[in-house]
Amino acid sequence: MDFDFTMAFQPIVNTRDHSIFGYESLVRGKDGAGAQAILSQVNDLNRYSFDQACRVKSVELAAQNGIQAFLSINFLPNAVYQPQACIRTTLQAAEKYQFPIEKMIFEVTESESITDRSHIKKILSSYKKQGFKTAIDDFGAGYAGLNLLAEFQPDIIKIDMDLIRGIGQSRPKQVITTGIVTMSRELGIEVIAEGVETFEELVTLQALGINLFQGFLFARPAYEGLPAVHWP
């Protein structure tokens, strides 16, 4: 790769007991540039090396910051050719930096176009067998959705922030989110509401049975560090 990057961390909180459930590792430029500025430089030639480097950097910084909670790492499914080979670098990083693999979550965004659903199922199943937790990010945003969920049940679903935004004034969003929560409970899947920005959104989502949250209401991502959490 001919560009450098680092990570920021944003907490995932449990409002039931005011604890930190985990931290999501989010790519950033060395100059503080946002994720899109970095991701726009990813192409077919460097996608695999970028994906691998992100994992190593996430584990390294998580260990340096003394993270005791879960570490959530995004991965690019179209960069993973053979799950067993791809995970080797992650296992080596976990050993080098003494970070427990049972505290790692690998999340794939549902908004990325996944042309081969059997491929993503193979990846997630392989990671789960290795002892990692798995998550589907941006659930409800579009490409894989219920068809993927019917074939593979991750440990976690992160509800897409478009469903969260303004949910207090939207009965359709409340009904849809209630369905996701009910379905997930029946399947033994944890639900995280991400992109929570207002107290009204929080209260509405809590009333729908959600306890895990991520968003600016609690903390903005911190560059190479862990932000203080605001408990509303």
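How far apart in helix α2 are lysine 57 and glutamate 60? The two are three residues apart in this helix (residues 47-64), and therefore separated by about one helical turn. Lysine 57 forms a salt bridge with glutamate 60, with the closest N and O atoms 3.8 Å apart. Here a salt bridge is a side-chain nitrogen of Lys or Arg within 4 Å of a carboxyl oxygen of Asp or Glu. Helices (H or I, at least four residues) and strands (E, at least two) are DSSP runs, numbered from the N terminus.

The model is predicted: local features need pLDDT of at least 70, side-chain atom pairs count only at pLDDT 80 or more, and totals for chains, interfaces and linings use all residues. Residues are numbered from 1 along each chain as its sequence is written, and side-chain values use heavy atoms, with hydrogens and water left out.

Strand β2 (residues 19-28) pairs with two strands. Two strands pair if DSSP finds at least two bridges between them. Strand β1 (residues 6-14) runs antiparallel to β2, and nine bridges join them. Valine 13 has isoleucine 20 in β2 as its bridge partner. The hairpin of β1 and β2 has four residues between the strands. Within this hairpin, histidine 18 takes a positive phi near 55 degrees. Strand β3 (residues 70-74) runs parallel to β2, joined by four bridges. Glycine 22 is bridged to phenylalanine 70 in β3. Strand β2 is mostly covered, with eight of its 10 residues buried. Buried means under 20% relative accessible area, exposed over 50%, and partly exposed in between (1.4 Å probe, protein chains only).

A search of the whole structure finds 10 salt bridges. One of them joins the side chains of lysine 158 and glutamate 107 (3.2 Å, N to O). This pair links distant parts of the chain: lysine 158 lies in strand β6 (residues 156-159) and glutamate 107 in strand β4 (residues 104-109), 51 residues apart. Lysine 158 is buried, at 1% relative accessibility. Glutamate 107 is also buried, at 1%. Both residues belong to a network of salt bridges that links Glu24, Glu107, Lys158 and Glu194.

Another salt bridge joins the side chains of glutamate 224 and lysine 30 (3.9 Å, N to O). These residues are 194 apart and link distant parts of the chain. Glutamate 224 sits in the segment after β9 (222-223), and lysine 30 in the loop between β2 and α1 (35-39). Glutamate 224 is partly exposed, with a relative accessible area of 29%. Lysine 30 is partly exposed as well, at 42% relative accessibility.
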